[in-house]
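I opened this notebook to record what I looked up in the model, one topic at a time.

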Amino acid sequence: RCPEAEAEAGSAQARAAQLTAPDQGSCCWTTAGDVKRHSHSIAGQTDRPTDRPAAASAPPPAHTVHRSFTYLRMTEFWLISAPGEKTCQQTWDKLNVTTSRSNNLSTNFKFAIPDLKVGTLDVLVGLSDELAKLDSFVEGVVKKVAQYMADVLEDSRDKVQENLLASGVDLVTYITRFQWDMAKYPIKQSLKNISEIITKQVSQIDNDLKARASAYNNLKGNLQNLERKNVGSLMTRSLADIVKKDDFILDSEYLTTLLVVVPKINYLEWEKTYETLADMVVPRSSKLISEDNDSGLYNVTLFRKAVDDFRLKARENKFIVRDFQYNEEELKADKEEMTRLSTDKKKQFGPLVRWLKVNFSEAFIAWIHVKALRVFVESVLRYGLPVNFQAMLLQPNKKMMKKLREVLNDLYKHLDSSAAAIIDAAMDIPGLSLSQQEYYPYVYYKIDCNLLEFK
């Protein structure tokens, strides 16, 4: 290349080194064959050069961990791969210069995929479909755990973000510094086995979430039902915490006490007429017990046989008799039940939040590993053997997404002319959009960090 091009590529490489940890595992073969010619077993053909610098292991700065909701909700990444040219570094440099240095279309990171076992063509083709389903399933579980975290934290939703971490760092840091977890997903296993490990792991998280959520929601619902009884107007709310034993005539064979809700504007009328609403009302037996914004609660004592007649006449005068029987044991039991439920909720809250935090991290990590598997499988199927591709993570400039697509199409349309033609048509003809399963000349998967839906 000319000196100017060398200098420009070198500058792009230096900038990339500042953005992300050194590459560890992107493939670097020098030739690529048509995978269709390799229907025989191609396991064991994944030996790759090992003279790579080790990825940086230093933790991210503390200030990168806590990001605002707005930042996370607007974060979208494009995980793509393109075949290696003379070297995979040249593929990386070319993308970086085109999208990042020249046009500021995106911030780019190398995405390290280790030496995975390729297997046979039949296995790869079948696995491609299985991984698409697994990707959707794991993403769903990740979002369910995140959403339930927000639901559980209730009034502390501003703290949700600091609990949605992956391996102790914020999601953007984890994605942009992704390193394969060799302990959880051993690369000596076949691709199918690794996908089965992830399926089993995430299915367990999903089942545990359902069980824990059901138990906590029942507890929370029962407590809310009891609390709801103690709020609202005197017409509908529970009166148990308002009245006292002294407000009633108890254990009398002939007398009983009623509770009546009287509109404030009718206080004077009540006090003048309550003794005459029915026969056998005890004179001067009514007193104001409590009141809210609109009404007051009065008691009144009368003979039991006059109750029905009193109710009818009271209703005609817009005085509402509440159905209430004073039972000290029942009232005490209700209060104890509310105390018990409140205590149980507090006891379960801490462990539940810790479980959600740990398992969100596990599910999110599994999800990004599924993305890595999909890139690897699709790249081998498209670009052939020996394995020779560079995986790259792009964080698009939100206002430049359409332009970035056009640039990527121009850069890689030689890989698949039919796909490029479809994209060109979609760009040229207003109203014509790509199908739901987006297809581009390069391998492409979106990672959308919009994990929460605010109610």
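I began with Cys-449, which counts as buried because its relative accessibility is 1%, under the 20% cut-off. The model is a predicted one. I then looked up Cys-88 and found it buried as well, with a relative accessible area of 0%. How many disulfides are there? I searched for cysteine sulfur pairs within 2.5 Å, and the count came to zero.

I examined helix H4 (residues 121-153) against helix H10 (residues 328-383). The two pack with their axes 8 Å apart, at an angle of about 155 degrees. H4 is therefore roughly antiparallel to H10, since angles over 145 degrees are classed that way. I recorded the crossing of H4 and H10 as left-handed. Sorted by class, the contact of H4 with H10 holds 30 nonpolar residues, six charged residues and one polar residue.

I traced an open sheet of four strands, ordered S4-S5-S3-S6, with antiparallel pairing. Which strands lie at the edges? They are strand S4 (287-291) and strand S6 (320-322), each of which pairs on one side only. From one strand to the next, I noted that the twist averages 35 degrees.

I followed S4 to its neighbour, strand S5 (residues 295-303); the two run antiparallel and are joined by four bridges. For Glu-291, I found the bridge partner in S5 to be Gly-296. In general, strands of a sheet pair through backbone hydrogen bonds, either parallel or antiparallel.

Definitions and conventions: Residues numbered from 1 in each chain as written. Predicted model: local features only at pLDDT ≥ 70, side-chain atom pairs only at ≥ 80, totals over all residues. Heavy atoms only, no water. Axes fitted to C-alpha atoms, helices over the stretch in contact; angles between N-to-C directions. Parallel < 35°, antiparallel > 145°, perpendicular 65-115°, else oblique. Left-handed = near helix turned anticlockwise from the far one by under 90°. Nonpolar A, V, L, I, M, F, W, Y, C, P; charged D, E, K, R; others polar. Buried < 20%, exposed > 50% of the residue type's maximum accessible area, 1.4 Å probe, protein only. Pairing = 2+ DSSP bridges.
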